[in-house]
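This report treats the arrangement of the chains, an annotated domain and a set of salt bridges. The structure is shown first.

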Number of protein chains: 4
Amino acid sequence: MDKKNFDIVRLHHAEVTVTDLDRAREFYVNGLGFFVTESDENHLYLRAIEDANHHCLVLTKGEQASLKHIAYRVSADEDLDALDELFTTLGVKKRWVAPNEEKGQGRALKIRDPGGIPVEFFYEMDKAERMLQNYHLQGNSKIKRIDHANCLITNIDDLYAWYSEHLGFKTSEYTVNGYGEEENIWAAWMHRKPSVHDLALISDKGPRFHHIGFWMDDAKSILDACDHLAALGYYANIERSPGRHGTSNAFFVYLRDPDGNRLELYTGDYFTNDPDWEPVKWHLDHPQRATFWGALPPDSWKKEAVPVEDIFTGELLPIHTIRRYEKI
Amino acid sequence: MDKKNFDIVRLHHAEVTVTDLDRAREFYVNGLGFFVTESDENHLYLRAIEDANHHCLVLTKGEQASLKHIAYRVSADEDLDALDELFTTLGVKKRWVAPNEEKGQGRALKIRDPGGIPVEFFYEMDKAERMLQNYHLQGNSKIKRIDHANCLITNIDDLYAWYSEHLGFKTSEYTVNGYGEEENIWAAWMHRKPSVHDLALISDKGPRFHHIGFWMDDAKSILDACDHLAALGYYANIERSPGRHGTSNAFFVYLRDPDGNRLELYTGDYFTNDPDWEPVKWHLDHPQRATFWGALPPDSWKKEAVPVEDIFTGELLPIHTIRRYEKI
Amino acid sequence: MDKKNFDIVRLHHAEVTVTDLDRAREFYVNGLGFFVTESDENHLYLRAIEDANHHCLVLTKGEQASLKHIAYRVSADEDLDALDELFTTLGVKKRWVAPNEEKGQGRALKIRDPGGIPVEFFYEMDKAERMLQNYHLQGNSKIKRIDHANCLITNIDDLYAWYSEHLGFKTSEYTVNGYGEEENIWAAWMHRKPSVHDLALISDKGPRFHHIGFWMDDAKSILDACDHLAALGYYANIERSPGRHGTSNAFFVYLRDPDGNRLELYTGDYFTNDPDWEPVKWHLDHPQRATFWGALPPDSWKKEAVPVEDIFTGELLPIHTIRRYEKI
Amino acid sequence: MDKKNFDIVRLHHAEVTVTDLDRAREFYVNGLGFFVTESDENHLYLRAIEDANHHCLVLTKGEQASLKHIAYRVSADEDLDALDELFTTLGVKKRWVAPNEEKGQGRALKIRDPGGIPVEFFYEMDKAERMLQNYHLQGNSKIKRIDHANCLITNIDDLYAWYSEHLGFKTSEYTVNGYGEEENIWAAWMHRKPSVHDLALISDKGPRFHHIGFWMDDAKSILDACDHLAALGYYANIERSPGRHGTSNAFFVYLRDPDGNRLELYTGDYFTNDPDWEPVKWHLDHPQRATFWGALPPDSWKKEAVPVEDIFTGELLPIHTIRRYEKI
């Protein structure tokens with residue numbers, strides 16, 4: 001891989017739409033233990049236990065559940081210019097976001113990636129108090145940091161190549177469909193930080209947003225969060241019971257917020273940055289691929305996902321079907 | 001409650017039928033970490049990590065999955081005579097089991113309880129090496145001891161009264177169906193040892209055997225067992241994903257052995273022996289009753305259970321339906 | 001063992017002296033997560049997560065750290081009369097405690113046991129809300145219930161026999177000192193509930209109170225409590241690092257409250273009520289007896305303990321030395 | 001920080017001396033669960049559960065416990081030439097290691113860093129089977145990967161600057177001694193991978209090697225390893241009880257191998273690669289710096305460390321004292 005003149009550090013935050021901010025605050029703050037850095041009439045800026053910056057999650061009031069954008073942090077301000085130049089060359093739709101247009105954040109470059117996903121790149125963000133060793137101020141749901149985003153798109157071959165070649169993403173694991181000459185990529189777990197992923201791309205009706213994954217320290221912390229959520233009355237928001245994925249080796253639970261945006265509480269991946277890393281290959285038919293053990297997911301988990309927004313108009317992008325075998 | 005002239009200590013072991021002993025050994029010993037105390041052509045006598053006696057589980061070769069019996073231990077040999085007398089008075093079908101007819105065990109009294117469940121009472125059993133602090137000899141599935149049996153029966157009113165009044169079982173939690181004057185008992189968690197249960201009785205087609213519950217120290221141990229089983233290829237034997245029950249507050253996972261006998265790996269209950277204990281009452285309609293959080297169980301878990309054997313002939317007892325609302 | 005005409009259920013609560021109730025509330029409620037059922041100028045009545053009664057711990061204002069009493073619950077009110085009669089016969093110092101003299105509690109019988117320990121027996125106590133499934137109201141220190149008391153006494157032979165013969169305590173594990181004909185009992189773990197212990201007796205300068213043990217569900221919960229306490233500034237109150245005992249197999253951490261009363265957070269014991277249980281025997285010289293793994297305890301843990309009170313005068317009983325080899 | 005023409009990925013392996021390979025195999029393989037990739041008369045090449053390469057730890061037969069070298073992996077073969085050039089410029093003592101001189105490894109560049117530590121850089125290593133999802137082949141000690149090395153050196157100012165400026169290491173946390181104008185760096189936690197550290201440098205008599213840290217998934221896994229080791233008889237090898245560090249926030253236990261080489265089982269750090277990361281500053285006097293909670297470490301942990309080898313002669317480097325306040 002040739003050296004880039006920019007460096008994408010990691011997936012840093014996401015912005016999703018909620019229809020009722022009070023109800024959302026109840027879920028995300030009381031239920032999931034996020035800390036509110038700032039809020040206004042239309043937004044909640046949330047951070048997790050490890051975060052030393054303004055937010056890792058923005059909830060924005062709107063008409064229905066949707067992904068407004070995901071954001072990657074770069075390692076230097078000039079990386080944004082290098083990316084801008086690259087996207088001009090590639091003909092990618094983009095716009096600059098002014099400093100503080102997203103509160104607490106410096107200038108940012110927003111694009112619609114070739115799969116339709118609204119993606120932002122930024123360097124600067126206000127600092128905020130890190131709660132890591134303030135154990136006494138942490139609740140029963142101990143989310144440490146954002147980990148990854150999982151998107152459903154209709155053009156995985158193109159998008160996989162695009163992230164690999166142009167943005168320097170590496171692949172930790174991937175799934176193929178078909179056999180022999182018919183074999184083609186069905187999904188890819190791609191990363192910039194040396195974990196399993198910052199971004200998962202899956203072939204399905206799209207563009208849609210399947211979930212944001214948040215890191216917890218261990219399986220017990222994930223179970224504790226379930227107990228806490230259930231006792232608060234959010235039992236039906238626990239969409240998929242805890243289990244282990246084959247792909248990524250993650251221990252997970254999946255939640256839906258009151259509007260239907262999906263979250264994963266996630267732990268258990270591994271170091272992926274050795275230079276001779278060979279991506280783990282799964283076949284779509286492998287029975288332990290998605291569910292290493294335990295019962296299969298409910299239909300909602302396989303079929304439901306939220307739309308994504310147009311970075312210019314804020315309207316929801318139309319969702320296209322694909323001919324390929326669809327199956328999460 | 002009047003004082004009995006016998007003392008039932010706890011559920012001590014169970015005997016189930018398997019069709020292939022080698023395959024069963026693979027699952028129970030390699031997969032679940034049971035220790036083989038003794039075996040012969042038709043039996044495997046297994047014990048768990050805490051056990052200081054010959055067995056807590058007997059696998060017996062036969063035609064199909066079934067429950068051959070569950071056994072309670074009493075605190076003195078003469079308790080068996082007191083029980084024999086009681087059962088004569090009550091007109092319960094019974095027979096004496098000679099010492100060593102069940103290997104390693106002294107004389108025992110076997111009955112068909114009024115719900116049809118084959119139940120044994122015994123006092124004496126050979127000692128065996130306890131593995132509790134032999135951590136180095138324990139595998140990845142660390143089952144500590146047997147905890148309870150869960151049976152489906154058609155006459156809960158009678159059976160609940162029978163275990164309460166005649167055998168001195170107490171109730172930790174129970175479920176009712178219907179409202180007001182229509183309310184009736186649908187299920188009961190009953191115990192002799194001061195835990196949530198030695199015996200769960202549930203109204204459903206019966207008599208059938210739903211599962212045996214085995215105790216593990218904590219949730220992490222249950223997850224470790226899942227990883228180990230799945231890596232051995234037993235992923236499809238993990239019937240219901242880990243979760244928490246409302247009733248009993250247990251953290252669980254449910255497994256099926258290769259023949260379909262069901263096991264629960266269980267942790268997390270509480271002390272139930274205070275004299276003013278008020279049984280926890282659940283309504284069948286309470287959404288957190290069976291599943292405190294997480295996705296609902298698969299249909300198989302709700303609908304499938306194995307038959308039980310006649311204590312005289314070894315034949316399978318016929319299964320009766322009931323008119324009551326059936327729902328686990 | 002002959003049948004008694006009374007039944008001691010379990011160690012149910014303890015009362016210790018603290019010199020500053022506000023400071024103690026900070027530690028026990030904010031730090032350890034106890035729930036305050038009631039309080040007055042001189043007392044805090046606390047309960048743990050599982051408790052359905054008024055208190056499992058009473059903090060009483062006084063001059064210095066000390067044990068005021070430990071209390072066992074009996075299974076019927078008339079058991080108290082049977083015990084009264086027994087203690088009269090045995091010449092044990094005793095007095096009746098009027099209903100509500102200890103708030104929320106019915107009549108009780110208080111004795112000085114032959115080792116000097118102030119012990120109470122009671123049957124009735126007011127109910128209180130059980131917090132078991134109110135996970136959202138639980139803090140980071142999740143104490144489930146009281147488990148045992150650990151006392152240092154100078155006459156173990158007598159006291160061990162006394163609890164065994166007269167009160168029906170069983171022994172799960174014990175430690176001997178000396179070899180061959182010189183062998184004698186140095187410590188005993190005794191129980192009424194079928195766990196490792198309600199009461200540990202250890203030969204040392206006495207009578208003194210070493211600690212109360214509280215049950216937590218698992219090791220992770222104990223570590224979470226340490227993080228929470230340390231973040232609150234109570235790091236120096238964590239006297240002995242987490243570890244495992246050989247005797248009892250417990251996973252533990254030891255704390256000192258701001259006055260020096262010692263608490264153990266405890267998990268991991270086993271079922272002890274099988275009728276052929278053979279007490280586990282340890283020799284005082286066994287290197288894994290007290291510390292199954294990990295570094296040895298600090299001197300304070302071995303040498304410090306608080307005095308106990310006279311049940312009549314409330315004065316502290318004098319502390320006697322013994323000739324026997326002293327070593328925890 | 002200016003861009004380097006090489007990229008150091010992470011600490012990748014270490015080589016330590018043991019005096020008895022059979023005894024060491026017993027400890028590292030049976031006790032700690034390392035997998036043997038290859039062995040010969042004088043070496044054991046070990047890998048951990050996550051490793052997809054030949055080794056993360058080499059045990060080499062010799063006269064006494066010592067560090068032979070630690071090794072960093074670079075992201076391209078030509079990085080080695082760039083480093084060679086850099087070291088020439090800097091006047092660093094170095095030598096090339098031929099391919100397979102260290103089994104399974106390509107060419108490597110070995111240096112004596114300015115603190116005296118023997119350090120190797122390499123790119124290529126043979127692949128080996130990764131055991132991550134072979135849960136059934138993993139034992140009770142589940143070491144996932146190597147995490148960091150901890151070295152005692154006498155010239156921290158120089159060495160800290162050297163790793164920062166010349167090799168591109170970043171600092172996650174550091175400790176200062178003295179106040180105001182007297183303040184100086186006492187220790188630094190430095191990283192290439194985005195974790196707390198690949199390398200910890202501490203001011204003390206040196207050069208000496210304090211420990212290698214290995215990553216485990218969670219605290220429970222560390223406790224399980226302790227149980228397993230203790231049951232095998234290695235209780236005295238558990239030098240320091242489990243606890244949490246202030247610096248790094250790690251949950252740890254410290255072990256000594258049969259020769260005295262020290263290992264840390266480690267979990268719980270955090271993401272450190274955000275471009276505005278501000279190193280966490282601790283003062284040497286902060287009571288929660290080294291021990292966030294729990295008892296203080298034993299003297300051996302503070303005072304003992306093993307010597308390091310000369311990269312040319314294999315002889316042990318002399319150990320120098322420093323005038324600065326010495327305290328771990």
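A salt bridge is defined here as a side-chain nitrogen of Lys or Arg within 4 Å of a carboxyl oxygen of Asp or Glu. The model is predicted: local features need pLDDT of at least 70 and side-chain atom pairs count only at pLDDT 80 or more, whereas totals for chains, interfaces and linings use all residues. Residues are numbered from 1 along each chain as its sequence is written, chains are lettered from A and ligands numbered from 1 in the order in which they are written, and side-chain values use heavy atoms, with hydrogens and water left out.

**Salt bridges**

Over all chains, a search of the whole structure finds 106 salt bridges.

| Pair | N to O distance |
|---|---|
| Glu101(B) and Arg95(B) | 3.2 Å |
| Arg244(B) and Asp227(A) | 2.5 Å |
| Asp259(D) and Arg23(D) | 2.9 Å |

Burial is classed by relative accessible area: buried means under 20%, exposed over 50%, and partly exposed in between (1.4 Å probe, protein chains only). Glu101(B) is partly exposed, at 46%, and Arg95(B) is also partly exposed, at 24%.

The side chains of Arg244(B) and Asp227(A) meet in a salt bridge. Arg244(B) belongs to strand β14 (residues 238-244) of chain B and Asp227(A) to helix α4 (residues 219-231) of chain A, so this pair joins two chains. Both residues, Arg244(B) and Asp227(A), are buried. Helices (H or I, at least four residues) and strands (E, at least two) are DSSP runs, numbered from the N terminus.

A salt bridge also connects the side chains of Asp259(D) and Arg23(D). This pair links distant parts of the chain, 236 residues apart: Asp259(D) is in the loop between β15 (251-256) and β16 (262-267) of chain D, and Arg23(D) is in helix α1 (residues 21-31) of chain D. Asp259(D) counts as buried at 19% relative accessibility, while Arg23(D), at 35%, counts as partly exposed. In chain A, salt bridges that share partners join Glu239(A), Arg256(A), Arg262(A) and Glu304(A) into one network.

**Chain arrangement**

Chain A superposes on chain B (RMSD 0.0 Å) by a rotation of 180 degrees with 0.0 Å of shift along its axis, using least squares on the C-alpha atoms of residues with pLDDT of at least 70 in both. The two copies are thus related as by a two-fold rotation axis.

**Annotated domain**

In an unreviewed UniProt entry, the annotation "domain: VOC" covers residues 10-124 and 145-268 of chain A; such annotations may be inferred rather than shown by experiment. Residues 10-124 of chain A are 21% helix and 42% strand, with the end C-alpha atoms 14 Å apart. Residues 145-268 of chain A are 19% helix and 46% strand, and their end C-alpha atoms are 14 Å apart.
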